[in-house]
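Below is a short briefing on one chain.

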Amino acid sequence: MCAVEAAGYYFRSRSHDNVRQTLPFIIQNLLVLAAPPLLAASIYMSPRRIARALGAEKLTFAAGWTSKLFVIVDVACLATQVAGSIMSGSEEADEAKRGQTIITVGLVLQIVAFGLFIIYVAAFQVRMRSGSAFAPVGSGLKWERVVYGLYVVSALFISRNATRLVEYGQGHDGEMLSNEVWLYVLDATVMFAIAVVLLVLHPGRLRMKLRRLPKTEPLEDQIPLS
């Protein structure tokens, strides 16, 4: 994701140096919009990875099809934003406007998906807590830090998409599209913050820490599931 995002801003700098070239603008718009859905797919898989790292997959509910559903929605977001980005670079005004409309649909869909994902993560957290009534989840691993990280990145994604909606709603002559500073402050900075949070609180770290702990019985064998 970071590589795609960085490539997008590279092509944006090329577009800034020569505003008459449409190809660099289309590429940068495509990459900057496509990078977040690629990262979102990994985030949607995190609850299942947390449960797997803790040996508590039986405490999750419908983990398989729920993760697949979120990923399918994410693919739809990616497809709409890629198609919209290509169309928005058209020299025909109507085609460009349709492209912006498609991008808006993709952004709204992703906001809804992350809103539902927050609800799912909250339910997942409650179930994990109730399952740890007789034994500490993950042998004392601080797994809830990772869950709180998911809340943070989800909220950041929603705020980022909301600002992009405002940006496209204002049109080409709007304040946010006319001044690059808004893109860097409200998009690039937010995506960088998301990457940092995931780097520090990635579910994979739980598995690494678990390997250093003394081996115990699987959590699902220790905890009554009634």
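The accessible surface of the chain comes to about 11900 Å², and 65% of that area belongs to carbon and sulfur atoms; areas come from the Shrake-Rupley method with a 1.4 Å probe, and for residues only the protein chains shown count as cover. Of the 226 residues, 41% count as buried (buried is under 20% relative accessible area, exposed over 50%, partly exposed in between, with a 1.4 Å probe and protein chains only). This is a predicted model, in which local features need pLDDT of at least 70 and side-chain atom pairs count only at pLDDT 80 or more, while totals for chains, interfaces and linings use all residues. Residues are numbered from 1 along each chain as its sequence is written, and side-chain values use heavy atoms, with hydrogens and water left out.

**Fold**
- The secondary structure consists of ten helices and zero strands (DSSP runs numbered from the N terminus: helices are H or I with at least four residues, strands E with at least two).
- Among contacts between residues at least 6 apart in sequence, 77% join residues at least 24 apart (a contact means heavy atoms within 4.5 Å).

**Surface patch**
- Val108, Val112, Leu116 and Ile119 make up a nonpolar surface patch with about 360 Å² of accessible area together.
- Patches take residues with over 30% relative accessible area and no salt bridge, joining like charges within 9 Å and nonpolar side chains (Val, Leu, Ile, Met, Phe, Trp, Tyr) within 5 Å.
- Val108 is located in helix α5 (residues 93-131) and counts as partly exposed because its relative accessibility is 38%.

**Helix α8**
- Helix α8 (residues 180-200) has 21 residues and spans 29 Å from first to last C-alpha, close to the expected 30 Å (1.5 Å times one less than the number of residues).
- There is a bend of about 25° in α8 at Ala188, taken as the angle between axes fitted to the seven residues ending there and the seven starting there.
- The buried residues of α8 include Leu183, Asp187, Ala188 and Met191.

**Salt bridges**
- Five salt bridges are found in the whole structure (a side-chain nitrogen of Lys or Arg within 4 Å of a carboxyl oxygen of Asp or Glu).
- Glu144 pairs with Arg129, with the closest N and O atoms 2.7 Å apart. This pair links distant parts of the chain, Glu144 in helix α6 and Arg129 in helix α5, 15 residues apart.
- Both partners are partly exposed: Glu144 has a relative accessible area of 22%, and Arg129 is at 42%.
- Asp187 forms a salt bridge with Arg160, the closest N and O atoms being 3.3 Å apart. Asp187 lies in helix α8 and Arg160 in helix α6, so the pair ties together parts 27 residues apart in sequence.
- Asp187 is buried at 1% relative accessible area, and Arg160 is buried at 0%.

- Arg164 belongs to helix α6 (residues 144-170) and is buried, with 3% relative accessible area.
- The side chains of Arg164 and Glu167 meet in a salt bridge at 3.0 Å, N to O; the two residues are three apart in α6, about one turn of the helix.
- Glu167 is also buried, at 6%.
- A network of salt bridges links Arg160, Arg164, Glu167 and Asp187.
- Beyond neighbours within four places in sequence, Arg164 is in contact with Asn29, Val32, Leu33, Leu107, Leu183 and Asp187.
- Arg164 and Trp182 are 18 residues apart in sequence, with their C-alpha atoms 9.8 Å apart.
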